[in-house]
Structures are given as structure tokens and as C-alpha cells.
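This report walks a new reader through selected parts of the structure shown below. Please keep the display at hand while reading.

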Amino acid sequence: MSTAKNINITLKIWRQKNTKTKGGIETYKLDNVSTASSFLEMLDQLNEQLVNDRKEPVAFDHDCREGICGSCSLYINGRAHGPDTGITTCQLHMRMFNDGDTIYVEPWRSKAFPVIKDLVVDRTAFDRIQQAGGFVSVNTSGNTIDANSLPVPKDDADKAFMAAACIGCGACVATCKNGSAMLFVGAKVSQYALLPQGKVEATERVLNMVRQMDEEGFGNCTNTGACEIECPKGISLENIARMNREYLKASL
Amino acid sequence: MAKSALLKSSIAKKYWMALTGLFLCLFLVGHLAGNLQLIFGTPLQFNEYALFMTTNPAVKILSYVTYISILFHVVDGFLLTIQNRKARPVGYAKTNPGANSSFSSRNMAVLGTLVLIFIATHMTNFWAKMHFTTMPLQTITIDNGGQVSSFYITSGWGQDRFINVNQVDGENLIIEGNGFYYTKPIKVQFAEGYKDLHKITMDFFRSKEKLFGVIPNEGLFFTIFYVLSMAVLGFHLWHGFQSAFQSLGLNSPKWTPTIHFIGKAFAVLVPFLFAIIPLYIHFTK
Ligand code: HEM
Ligand code: SF4
Ligand code: FES
């Protein structure tokens, strides 16, 4: 039984031409938004209206639109990915809003994530952290060993898999009052630290990834736990603790 | 090359915050046990304790570790907060922090600064008086067959200025030290103008004087200030205690719920017991 209806909303959206210019909040009225549409579809609808009015459409990131790529971002009404938990913005639906609502839409805010345009931010800082150590060096000269030939305890395999579920969306950074990337880095360190293949390079990995994280200008974790709640993939704070252990082990 | 930065890196800062914070939690327990003698002990017991705390070499080392911990904790916390502010140069127009974090966890720096203000006030109130002013000590006068002399009371921690009170028997006591050694009971009487840390504390919270010549009833003022400060400390510990374990990497599904529980119990109980001391003093006699 569908209870979809149409609502009228007011949008307050961050507009910014490029990294260099100063941006600001613009207000838009959007009528007849179906509560069955997704948040991104609602933005598509707004952009159609803007184009028809011969105005610049709002730039925002998106790709898969099914919660697996991590492209979509957006800080909606004061929360990363909006008012729901365990979802990305493309999985947020307009049924979470009411007729007459005012909705703030802002880009991720972090020194390490500069705004490229409007709601699009540059998240290559995450790529550089990955490149600093988020990999396993494998000899690919024809004698690779089948991964399944190495026995892995079920519990470790599950935890590694749960850590590997991180899609690098950056919601943890966006929601953290300290702009800390430790949930992301903790997940990336953990997914290797728990597996035999990753143990070989464990020491350099954690030191290099943390150093890169600090160089990018992310803040220091104070364990508020906001990231864990806003993470679309339910990455646990245990991963930050594991990274802290790994870092201590590597430092001593 | 991979390099660790055990002083500078973000994670190392967390270790130091956690280690110093947990040490300060231990300090609180010791300090509380001593202070509760103000309610449950005799004035002599409390003064003996105070003297022990200012003269015993082991306690001295411990007190320096405490000062250094506070210093490190404050400086590190300050650096941490500055860096974290810099990590988000442009803020959000609309925020909803209550949706995903506790009040305490978001305000550790402010709560910590208020605790620091309290520590500074508290140390001027008592510690500075104990260390830097010529505070008259609790003394006794001894009448040894017509030869009257006056002594400081102590349990004796190796200082020849002090005498060792071995046994109090009504008005008679057996003493040794400072070149004297009495085995036979001697008649003693407490010297006039008897004043000590116990009395200073009692007077402090009962004072009806004006503070800075403006705030009436400074005893009540300080009682309220101390109680509120303990509430602030409680909020700091509400988040801080369990946070320290997470910072040190101690998080497991098995133990974390217990650590959270102990942390919250600690955050309520310790500041509460501290707070009843000024309340008790102010509202009795
Ligand atoms: C008796 C006094 C104090 C005790 C027992 C105490 C205890 C703690 C503990 C256990 C933590 C958690 C450490 C961690 O997260 O790893 C902490 C964090 C913190 N404290 Fe204190 N603290 C005290 C005084 C102060 C003072 C005076 C300040 C600042 C002026 C301060 C500022 C902070 C800050 C900024 C944090 C970081 C927040 C965090 O990482 O969770 N604290 N404190
Ligand atoms: S840890 Fe969660 S919130 Fe952070 S980047 Fe990964 S998926 Fe996104
Ligand atoms: S667009 Fe891919 S996760 Fe939202």
C-alpha cells in the first residue's frame, strides 16, 4: 500500500563557483516533490527547475545511486547523509521529510576536503592515505598463491570483511566535530591487520597511513563516536582502537 | 621510510591524553581518601596526613608526577583542540550534534578548562597556604618539671624540628625526637593560637567574610563554587574515563560495556564524594 504524496519544501543550499571563490547559502522553493522519490531525485528535480529558469544547476556528487560507491555526500539538516542511519544520501528518501520543511544542504566540511563546486568536494586525500599503505604487495609474476590456501580464523575473517565494507564516502570526517578521519583509516588499517596477507607490512602500513592522514590536515579523534553512528556501513569504533594498538605496536 | 612520531602524531597525542588522564583519575582516588578524613577523622589525623603528604619523599615524587601530568594533559589538550579547530576552517550553517554524540564528549576542552580554573583556585586556597606562607602549625607546650617548651606535632618523618608523638593518654603523652626522649608521661597542654590545615579548611568554608570586599559570605560562595566544579569534573569524566581506554586501543565487545559502566559510576561517585566535604563543613556548626 503506497502512501506517497507530494510535498512542497524550501531548500537552503550551499552554492560556490569554485575552490577559490567564497560561497554562500541560496534559498530555493521546490513544489510537488513526491515522498517516494530519493533525495538525489529531488535534487534532479530542482536542477530541472533551475535549468528551465536559465540558472546554473546545483553540482553534487553521485554515481551508483545504490549505496555502494560512496560518491554521494551532502550534509543534510545538520547530519551527514541526512536524517536516517545506515544509509548514503542516494538511499535517503523524501518520505523522511514533511510538507513545508526547510532543508539545509551543505558540502562535507573539512580542510582536507576542499569544495570543488557547490556541494562537490575533493576527497583525493583519502586516495593518498590509501596509497601510503592501504594495500598488500603481491608478487604477480605468475606464481601468485590462491588466497583461500591460507587458513584464516572465522572471527578474523568476519571482522576484516566488516572493516572492508567502508566505501570511503567521508561521512565520518564530515560529521566529526574534529574533522577526524580515524574511522576511515582505522577501517583500512584493520582490514589488512586482521589477515595473514596484511601482517607482513603491518608496521609500515599503520605508520605511513597515519602520517599521511596527519599531513592531509584531518583532526584528532576525541572518541565522540559520531562517526560510528553516521557511517552508512556501520564501521565500528573497534577499528579505531585496533589502529591505535597497531600504531603503538609499530612505534615500540 | 616509515617513521613513528611518539610525541607529535595524532594517535600519540591520544596516548598521552589517555595516560595522563587515567593517572589523574588515580590521583583523584587518593586525594578523595585523604580528604574524607575531614568528615570521618579527627583534626590530628587530618593534620598528620597533610604533613605526611607534604614531607614524605615517595609522596613528593608522586606529587611531581601529578603536576607534570596536569601540565601535559592541559598542553596536549590545548594543542589537540587547536588542531581540531583548524581541521574545519568553514563550519556548517546547520548542525545537529545531539543526534550522534554526548554533551560531555563534545565539550571536553571547555569542561577541562573549567576544571583547570578550579584546580588553580583550589591550589591558591590551600596548597599555596601550606607551601608558601608561614602557617602556624598545631603545637603543644610541654611542662617538663618547670621547663616549658613548645613543639610541633607530627608522627615524625625524620625532621629534627618535629617530635614524635607515640602515645596520647589523656593529657599525658610519650614523646621522642629533637634530642629529647621521654619515656615517662609528661604533662602537656595545647599551645594557644593553635592553628592548622584542618582549621584553615573549616574556617575557609565557614567564613562569613566578604570575598574581594564585594561578594558576601565567602564560605558559602566557595562551597557553591566547589560543588559546581565537581559537577563539571563529573561531566569531564563521564566521557573521559572510557575514552582513555579507547585511545589506548583497549576496546573489545567483551570488556567495553564494563569499562563504560565503571567510567560512569566513577564520574558520578568520585565528584559526589568530593562535593559533600565542603557541603558538610559549611552546613555543620
Ligand atoms: C583532575 C583533572 C582531570 C582528569 C581526571 C581528567 C581526565 C581525562 C581523561 C580520562 C580524558 C580522556 C583521555 C582520552 O580520551 O584518551 C581526558 C581528556 C581530555 N581532557 Fe582531561 N582531565 C582532567 C583535567 C583536565 C584539564 C585541566 C583540561 C584542560 C584544561 C582537560 C582537557 C581535556 C581534553 C581537551 C581532553 C580531550 C578529550 C578527549 O580526547 O576525549 N582535562 N581528561
Ligand atoms: S568509515 Fe564509514 S563513514 Fe567513514 S568513509 Fe568509510 S564508509 Fe564512509
Ligand atoms: S551514489 Fe553511490 S553510494 Fe550514493
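Two strands are said to pair if DSSP finds at least two bridges between them, and the strands themselves (E, at least two residues), like the helices (H or I, at least four residues), are DSSP runs numbered from the N terminus. The model is predicted, so that local features need pLDDT of at least 70 and side-chain atom pairs count only at pLDDT 80 or more, while totals for chains, interfaces and linings use all residues. Residues are numbered from 1 along each chain as its sequence is written, chains are lettered from A and ligands numbered from 1 in the order in which they are written, and side-chain values use heavy atoms, with hydrogens and water left out.

**Chain A and its sheet**

Chain A holds nine helices and seven strands, and its C-alpha atoms fill a box of roughly 60 × 45 × 40 Å along the principal axes. Of its 252 residues, 53% count as buried, where buried means under 20% relative accessible area, exposed over 50%, and partly exposed in between (1.4 Å probe, protein chains only).

Five strands of chain A form an open sheet of mixed pairing, in the order S2-S1-S5-S3-S4. Strand S2 (24-34) and strand S4 (79-80) of chain A stand at the edges with a single partner strand each, so one side of each has no neighbour in the sheet. Helix H1 (residues 39-52) of chain A packs on this sheet, touching strand S1 (6-15), S2, S3 and strand S5 (102-106), and its direction makes about 105 degrees with that of S2(A); contact here means heavy atoms within 4.5 Å, and the axes are lines fitted to C-alpha atoms, for helices over the stretch in contact, with angles running from 0 to 180 degrees between N-to-C directions.

| Strands | Sense | Bridges |
|---|---|---|
| S1(A) and S2(A) | antiparallel | nine bridges |
| S1(A) and S5(A) | parallel | four bridges |
| S3(A) and S4(A) | antiparallel | two bridges |

Individual bridge partners include Trp14(A) with Ile25(A) in S2(A), Ile13(A) with Val105(A) in S5(A), and Tyr75(A) with Ala80(A) in S4(A). Seven of the ten residues of S1(A) are buried, so this strand is largely enclosed by the rest of the structure.

**Asn223(A) and chain B**

Asn223(A) sits in the loop between helix H7 (202-215) and helix H8 (226-230) of chain A, and at 8% relative accessibility Asn223(A) counts as buried. Its side chain makes a polar contact of 3.2 Å with that of Lys14(B) and one of 3.0 Å with that of Ser247(B); such a contact is a pair of N or O atoms within 3.5 Å, of which, within protein, one must be able to donate a hydrogen and the other to accept it, and residues adjacent in sequence count only if both atoms are side-chain atoms.

**The iron site**

The iron atom of ligand 1 is coordinated by His73(B) (NE2) and His236(B) (NE2), at 2.0 Å, donors being N, O and S atoms within 2.8 Å of the metal (3.2 Å for Na, K and Ca). His73(B) lies in helix H4 (residues 57-86) of chain B and His236(B) in helix H8 (residues 218-247) of chain B, so the pair ties together parts that are 163 residues apart in sequence. Both His73(B) and His236(B) are buried.
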